[in-house]
Every structure is written in structure tokens, then in C-alpha cells.
Amino acid sequence: MLHRLRLRTGLAVVAGLVVAGSPGPALAHGKPNPRPDCSAVAAGKLSRAVGQPTTVTSATTGATAAGTSYCDVRAGITVRAHDRSTSVVQLRLQVPTDWNRRYVQLGGGGFCGSIPTAGTSGDGTVDLGYAVASDDTGHVGGGSDASFAYDDTAAQNTWGYLSEHLTALAAKAILKAVTRQTTAYAYFVGCSTGGRQALIEAQRWPGDFDGIVAGAPANRQNYLAPLSQGTRELQNRDADFRQIVDASAAAVLARGVLAACDGVVRDGVVDDPRTCRFDPATVLCPGGTAAPDCLSAAQVAVARKWYDSPRDDRGRELYPGGLPLGSEGGWVGADISTSPTGLSGGGAYAEQVLRYLAFPTDPGPTYSLRDFDPGRDAARLAAMAKVYNADTTNLDAFRRAGGKLMLYHGLADPLITPFGTIQYYEDVVRRYGSLARTQQFARLYLLPGVYHCAGGPGPDRVDWLGAIRAWTERGRAPASVLAAKVSGGATTMERPVYAYPLRARYDGSGDPNAAANWRPAPGPRGRR
């Protein structure tokens, strides 16, 4: 009931974060919190705290749209690599006047290159008393352009694994200087690249955060882009590099999948793609020539490859899992180009990675996705995977420090397959010996019908910050979270999402859009 009340007080999404409800009381201090002094940061002390040259570039006061006053601090951290290349992390920290001594850091998306919006845009986090920080990961540019990393070791290391750690050190030091108080609890929330950053923090910098939320993590970054996203792009091109599966073919497949997999409640949501079987050949056109309501033989062949894991010429799996059944409505843009001559979003991202990030020596802007052979070149990705990937299962230090980790993934994600996250979590379970032992500090939530981080026909809004805070501070391990679908400011669907491997099952009575009419049920383990 508490979660339902919070959801209906208003929701907002920023960098994978949903905030709702009231902040709760600040920790008892014995006297009122001192008002933040924006000018109280000493550059020398800040650099020593961070371990890298750090400068405050501005410190001003402002107010959110809701009228909450805050101290707005901008800072730059200079990172030097062993080859003397440098990168500068630009960060922003917003400290509300009535700080609740809780710090929230937001992850980025894509290749980042800008500071994620926080606080003043109406996401509500600062209004709830949290200090909020985010950064540009060490470069300025578009989130789909990786040229910042061209033969630049410092830029690669900063984007790969350093930026969030350095931002956490700087933000906590600034907080102590301007408030004259220590941070009681620190949280990290991110999705996609931000989900990878979240796992980097848990794995490499386990003392930075008490609670971490990792959504749709690109944690196998150097394998994901070329071997999953890039392979799909290559599979969908004929000899003249024209697309085979287009938007109309995706729509045909979507209808076929829903007819086979929509389940008991006909709501346009595939509850779990692992429990349904669909053969694209069921929508093959007579004679194998494409028509408005069926697919050509070539389109069926591509669809079969897309639903399967990407494989090399010998049939060996290159990446864990293909596109999930129920993701077809999100293929356009992510996997199908909207341009007659351009790559899809996933294909373009893969090409950028291959040009500037994937190999120890960057081939540069003339390198094309077509120059990459997944079977031949996959082994060459291992060296830089050590820089970017967040796929180690060793969470010992984070667990010993009392850290709590919530992972989530949309089961209809058309960009980063959810099966990779399921595989990672199962690998963690194997490391720690049992599901029960793992769930003491790390839990996974799979959201039916949700695309990449948000969107799709399923309920995609969750108060992740509230859930991780309750677990971290009050020991309330979240057996489930409440997910909502909001349209036009109104909640149209609510559903409980249980900790993996449990799933929600409609009890057969009442409104299926009401969470109260769903119950936990055993779900499948693993990817299939």
C-alpha cells in the first residue's frame, strides 16, 4: 500500500532513476542542519581527497521548479594516464538547503559526453532532500559519438572505469565542505551505460556506495556492441548491404508473437519470452516472397538468427542470448534503420566502438562495421574488455561492506538483450553457492514488456531509489517492486515485479491492470 501511495504522488524518470513520495526524516543530529555554504570548498583539500587535480569551476545558489533552494557546484577533475594523455571529468553537484545526508549519483547513457539532467529539471530528487551529482565521463560530445577515445588512453580509462569513482570522491568531499556534515548513505542509480557504471562501482570501487541500482547493464561492453548489436546489423544486410527485415516485417512478427505468447491476460505484453515458443516460419509468405501480412524466406532466416544468440560460422555462441520475443515493437531505431542508407542505432553504436574503443590500437574513422568479422575478430576484443567490461562475479568486498545491489532489465529490451543480465546473475549465484545467499545482497528484477530502460507495452516505472534505500537503511529486502505504466499523467497499469526467479501470475479475478490481482509464482531459471 505504501508503494501504491508513492506512485500516485507523481513520478519522473532521469538517467534510469524514478523518484517518488516523501524523503523521510533526516538523520538526527541534535541540532538543525547548518545551511550549505557554497563558497566553502578549498581546491587543495579537494584535490587531495580525489587523488587527482580537482578544481571547483563555479558554486552558486539556485532553486528547483518546486522552489527548493540548493547549492549548485561545478567541478573539473583532471585524469592523467601513464602515456601522459589527459581527460577532464566535468561534474555537477546539487545540495539542497535541507539536506537529508543522503547522496545520489546518476549514471550516464551511450558514450555520455554531457552531464545527465538532475534536480532542476523536475525529477524531484533534490526536492526530496537528496544531494545529487552526475558527470560527463571525461569528455564533451554526443552520446552516440566515440571519437573522443581515438588513441586516447586517458579518455578510454576515464569513460571505461574511472569517472564515477572520481565523481563520488569529489562529490562527498564537496558535500562535507559545504555542509560541514558527512554523508550518511550513498546511492548509485543508472541504466544502460549507467548500469555498467553501477556494476563497475560494485566490482572495482566497493566502498563508494551503500546501495546500487544497475538497470539494463551494458556490462559486457566490449563484446556487446560488436558481437551482439553489430552482428545483428550484419545479419540483416543482403549482398548490396540493403536491409532485409524492415519495419513492416517487424510488425508482422510482432503480431505473430503476440498471438502465440500474450498469455492469459491479453494486454499486449509477453510476460516472459523464455516460456513461449514462436517460429518465424509461421508467418512465411506462400512462395517465400514478402507481402504486407507475411515474410519472405530471407526475412524469416534473419528473424530466426535474431531470436537466437549470435554465432560464428561454426555455430559457437558469441554473446549470451538474442532478441527476446515481445521486443519487436522496439526494433525500429534500435535494430532497424530509419534511414535508407544509414545503420540502425545498435549498428551505429557498434561501429563507433570498433573504430575508437574495441581494440588496443584504434583503426579510426575509416573502419567500417563491414570490416569486422565476428568469428575471426572476436578474440581481439579481450584486451580492451579488461578496461570497459563489468562482468566479474567477484563482489566479495562490496558484500562484506554491507552493500546492496538491485539489478533490473526489461524483458522486451531490443537493444541490450536481457538474457545477458540473467546469465550474469546466474554466474553470481554460482559463485556464492546458492540463490538464497546471493539474495542477501544482490537481487534481479525482470520487467515484462519493457524496452531498453523504459518504454514498451509493459509497466516501466519503478521507485528504484525508494526500494534500494529501504533495503540499505532498514534491511527490508525487496521481495517485489511495484511497476507502473503511466500515460498522460495517469497510471494505466500496475504490476508487482518479484525478485528473480519468481514472476507475477494473474490470479484470474479482478482488474488485471491492478497489482493486487497478481501473485508470485515460480519462474524459469537461466536464459531459456
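Visitor: Which cysteine sulfur is closest to the sulfur of Cys 112, and how far away is it?
Guide: This is a predicted model. A disulfide needs two cysteine sulfur atoms within 2.5 Å. The sulfur of Cys 112 is too far from its closest cysteine sulfur for a bond. That closest sulfur is in Cys 453, at 12 Å.

Visitor: Is Cys 112 buried or exposed?
Guide: Buried means under 20% relative accessible area. Cys 112 has a relative accessible area of 6%, so it is buried.

Visitor: How many disulfides does the structure hold, and what pattern do they follow?
Guide: The structure holds 4 disulfides. Count the bonded cysteines along the chain. The pattern is then 1-2, 3-8, 4-5, 6-7.

Visitor: Where in the chain do Cys 38 and Cys 71 lie?
Guide: Cys 38 and Cys 71 form a disulfide, with sulfur atoms 2.0 Å apart. The pair links distant parts of the chain, 33 residues apart. Cys 38 is buried, and Cys 71 is buried too. Cys 38 sits in the loop between β2 (17-19) and α2 (43-50), and Cys 71 in strand β4.

Visitor: Is the link of Cys 261 and Cys 276 left-handed or right-handed?
Guide: The sulfur atoms of Cys 261 and Cys 276 are 1.9 Å apart, and the two form a disulfide. Cys 261 belongs to helix α6, while Cys 276 lies in the loop between α6 and α7 (297-307). The angle about the S-S bond is -75°, and the link is left-handed.

Visitor: What is the relative accessible area of Cys 261, and of Cys 276?
Guide: The cut-off for buried is under 20%. Both cysteines count as buried. The value for Cys 261 is 8%, and for Cys 276 it is 10%.

Visitor: Why is the disulfide of Cys 285 and Cys 294 called right-handed?
Guide: Cys 285 is joined to Cys 294, S to S 1.9 Å. Cys 285 is buried at 3% relative accessibility, and Cys 294 is buried with a relative accessible area of 14%. The disulfide is right-handed because the torsion about its S-S bond is about 105°.

Visitor: How far apart are the end C-alpha atoms of helix α13?
Guide: Helix α13 covers residues 418-432, which is 15 residues. At 1.5 Å a residue, the helix should span 21 Å. The distance in the model agrees with this: 22 Å.

Visitor: How many residues of α13 are buried?
Guide: Helix α13 is largely enclosed by the rest of the structure. Its buried residues include Phe 419, Ile 422, Tyr 425 and Val 429. They pack against several elements, among them α4 (193-204) and β10 (404-410).

Visitor: Which residue just after α13 takes a positive phi?
Guide: Look just past the helix. The phi there is about 90°, and the residue is Gly 433.

Visitor: How much space lies in the largest cavity?
Guide: Rolling a probe the size of a water molecule over the atoms shows where empty space is left. The structure holds 5 cavities of 30 Å³ or more. The largest cavity holds about 160 Å³.

Visitor: Which strand supplies the largest share of the lining of the largest cavity?
Guide: The lining has 16 residues, and Leu 446 and Arg 503 are among the closest to the cavity's centre. The residues divide into 11 nonpolar, no polar and 5 charged. The largest share, 4 residues, comes from β13.

Technical notes
Residues numbered from 1 in each chain as written. Predicted model: local features only at pLDDT ≥ 70, side-chain atom pairs only at ≥ 80, totals over all residues. Heavy atoms only, no water. 1 Å grid on protein atoms, 1.4 Å probe; cavity = no way out; pocket = protein on both sides within 12 Å on 5 of 7 lines; lining within 4 Å. Points joined across faces, edges and corners; volume = space filled by probe spheres on them. Helix = DSSP H or I, 4+ residues; strand = E, 2+ residues; numbered from the N terminus. Nonpolar A, V, L, I, M, F, W, Y, C, P; charged D, E, K, R; others polar. Expected span 1.5 Å × (residues − 1). Buried < 20%, exposed > 50% of the residue type's maximum accessible area, 1.4 Å probe, protein only. Contact = heavy atoms within 4.5 Å.
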